[in-house]
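Biologist: Could you take me on a close tour of the aromatic ring pairs in this model? I would enjoy a connected account that also takes in the elements around them.

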Amino acid sequence: MLCCFEAYDYRAQIRCVSTGTLTSWKEGGKSTKSRRRIEFAMAAPRALLPQLLLLVVAALVAAAPVPRASGAGQFDVRRHLSTVTRYDVARGSTSVDSMPRIPDGCRVIHLNLVARHGTRAPTKKRIKELDRLAIRLGALINEAKQGLKSDSLKKVPSWIKGWESRWKGRTKGGELTSEGEEELYNLATRVKERFQDLFDDEYHPDVYSIRTTQVSRASASAVAFGLGLLSGKGKLGPGKNRAFSVLSESRASDICLRFFDSCETYKAYRKRKEPDVEKEKEPILEHVTAALVNRYHLNFTTQDVSSLWFLCKQEASLLNITNQACGLFNEAEVYFLEWTDDLEGFVLKGYGESINYRMGLPLLKDVVQSMEEAIIAKEENHPDGTYEKARLRFAHAETVVPFSCLLGLFLEGPDFEKIQREEALDVPPMPPQGRNWKGSVVAPFAGNNMLVLYQCPGKTLDASTSGGQNNLYFVQVLHNEIPVSMPGCGNKYFCPFEEFKERIVKPHLKHDYNMICKINPPVASKEPASFTTKVSSFLVGLFSQKGYRDVSAESVKTEL
């Protein structure tokens with residue numbers, strides 16, 4: 001069989017002569033220029049599918065134009081940084097056709113928030129990687145100077161010569177940046193304005209509970225949110241701020257917000273699966289590397305390209321610089337590199353394996369319990385100020401992503417039924433095909449899920465869902481503040497609470513966190529402990545409460 005691959009700007013097609021079949025794609029509605037044509041023999045199409053894929057990737061990367069300046073309807077690399085995307089950019093990229101109308105007579109009685117920390121600086125490990133990249137770029141420039149071609153440096157961007165990392169010399173990293181503080185502060189301001197009736201009570205930590213992990217960027221995010229939420233409600237300073245409580249548990253025992261730290265099954269899965277993910281990403285990195293070597297006449301390796309892509313994400317997200325590292329890549333290369341990041345997030349944190357989200361059961365149970373308690377308080381006519389109205393949590397991408405999966409968000413077609421049956425899902429389709437799973441949407445910096453509990457009069461909606469109560473209770477899910485339909489509830493935007501529990505929550509409850517994560521319960525000692533043992537245990541517990549307890553070195557390596 002003779003096949004022909006033709007690529008244009010934003011369009012490609014594969015034509016097999018013997019059958020006349022045609023596979024094509026087009027993105028952006030752009031004009032067709034820069035035609036590329038590749039012909040190859042295809043004796044066994046199925047066996048040669050990987051090679052065909054490589055040819056497709058290579059041709060698409062070669063055919064795409066260089067990124068343009070951002071503007072209305074134009075390409076903006078800052079929207080394609082996967083989980084390193086800034087929250088304001090992610091929100092600005094989300095199109096909303098129409099907002100679902102809140103049924104008449106319904107009012108909010110409780111809010112659950114699960115949010116990722118805001119924009120942060122590179123971690124210490126990544127700072128070292130950028131320092132190595134600076135040394136490597138210097139070596140490549142020197143190598144080019146000594147080459148046989150005297151004009152080899154003419155195509156090298158000027159910023160590469162003598163480049164040094166903005167974070168050079170820093171020994172610590174990963175902290176919340178000022179931009180991250182603003183993301184959470186502004187989020188709180190919008191939440192307070194959107195749910196005014198919910199936040200009109202006098203502050204009490206039992207009414208408005210704020211919880212976080214013992215990681216500085218998450219706890220700082222909680223503080224920034226609290227400042228925005230309670231601004232003007234105190235007597236401190238010109239802003240009339242007030243003190244508020246932020247609760248956290250030890251890293252080693254926090255199975256509600258850091259369940260991934262204690263789940264041995266997940267750690268083993270991730271360790272086993274990471275090499276496979278790297279192998280899946282290899283063809284993309286290899287072809288982008290070849291393109292950059294040809295374009296700039298520098299002997300880049302795939303590791304160099306990986307580090308340059310990371311630098312691009314840091315510069316674009318943290319520094320708003322898009323014409324240096326990001327300028328090395330053309331538009332198609334950005335799309336494919338973004339896909340490799342999204343693939344990694346899908347396989348290692350999302351729907352790639354059920355353990356990724358099943359381990360989030362303690363958090364799901366906590367959310368449902370808080371809503372049940374709010375309903376009981378309403379049914380028993382408890383006065384305002386005597387029961388919890390909001391439970392606000394601040395954690396990590398490894399928290400938000402599994403929680404989104406437990407709710408069944410970002411699935412393709414019939415995939416919700418598949419995860420209920422614990423069947424494996426296909427990985428997100430490669431560009432140019434569209435996909436629901438994009439890291440820039442699923443878990444950007446400050447990405448969040450809000451579960452809003454509504455109380456409605458029994459006559460407002462179908463009385464068959466009331467469960468015998470005078471009031472009806474409905475759950476609405478907001479992702480990054482945008483209402484989303486729930487596949488587990490017939491794609492409704494307002495899901496009856498009992499139906500939410502039965503169809504979305506209950507199928508997960510057949511599992512137990514300790515069982516799936518292989519956590520053995522403590523064995524009671526048969527003999528009374530000695531005085532020395534008691535003192536030792538007391539001191540260990542004391543230091544654990546203060547956050548000094550040593551966390552296993554096998555903790556998840558890449559924490560977002």
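Modeller: Gladly! Rings of Phe, Tyr and Trp, with the six-membered ring used for Trp, count as a pair if their centres lie within 6.5 Å. By this rule, the predicted model holds 12 aromatic pairs.

Let us begin with Phe75 and Tyr335. Their ring centres are 5.6 Å apart and their planes stand at 85°; planes over 60 degrees apart count as edge-to-face, so this pair is edge-to-face. Phe75 belongs to the loop between helix H1 (49–63) and helix H2 (87–93), while Tyr335 belongs to helix H9 (residues 331–348), so the contact ties together parts that are 260 residues apart in sequence. Phe75 and Tyr335 are both buried.

A second pair is made by Phe225 and Phe394, with 5.1 Å from centre to centre and 50° between the planes, which makes it tilted. Here Phe225 comes from helix H5 (residues 216–230) and Phe394 from strand E8 (residues 390–395), so parts 169 residues apart in sequence are tied together. Again, both Phe225 and Phe394 are buried.

On the strand side, E8 pairs with strand E5 in the parallel sense over 6 bridges. Within this pairing, Leu113 stands opposite Leu392 in E8. E5 itself spans residues 107–116 and is mostly covered, with 9 of its 10 residues buried. E5 is also joined to strand E9 (residues 448–457), by 8 bridges, and these two strands run antiparallel. There, Arg107 stands opposite Gln455 in E9. As a reminder, side chains in a regular strand alternate between the two faces of the sheet.

The charged end of Arg126 sits over the ring of Phe310, at 4.2 Å from the ring centre.

Definitions and conventions:
Residues numbered from 1 in each chain as written. Predicted model: local features only at pLDDT ≥ 70, side-chain atom pairs only at ≥ 80, totals over all residues. Heavy atoms only, no water. Phe/Tyr/Trp six-rings, centres within 6.5 Å; stacked < 30°, edge-to-face > 60°. Helix = DSSP H or I, 4+ residues; strand = E, 2+ residues; numbered from the N terminus. Buried < 20%, exposed > 50% of the residue type's maximum accessible area, 1.4 Å probe, protein only. Lys NZ or Arg CZ within 6 Å of the ring centre and 35° of its normal. Pairing = 2+ DSSP bridges.
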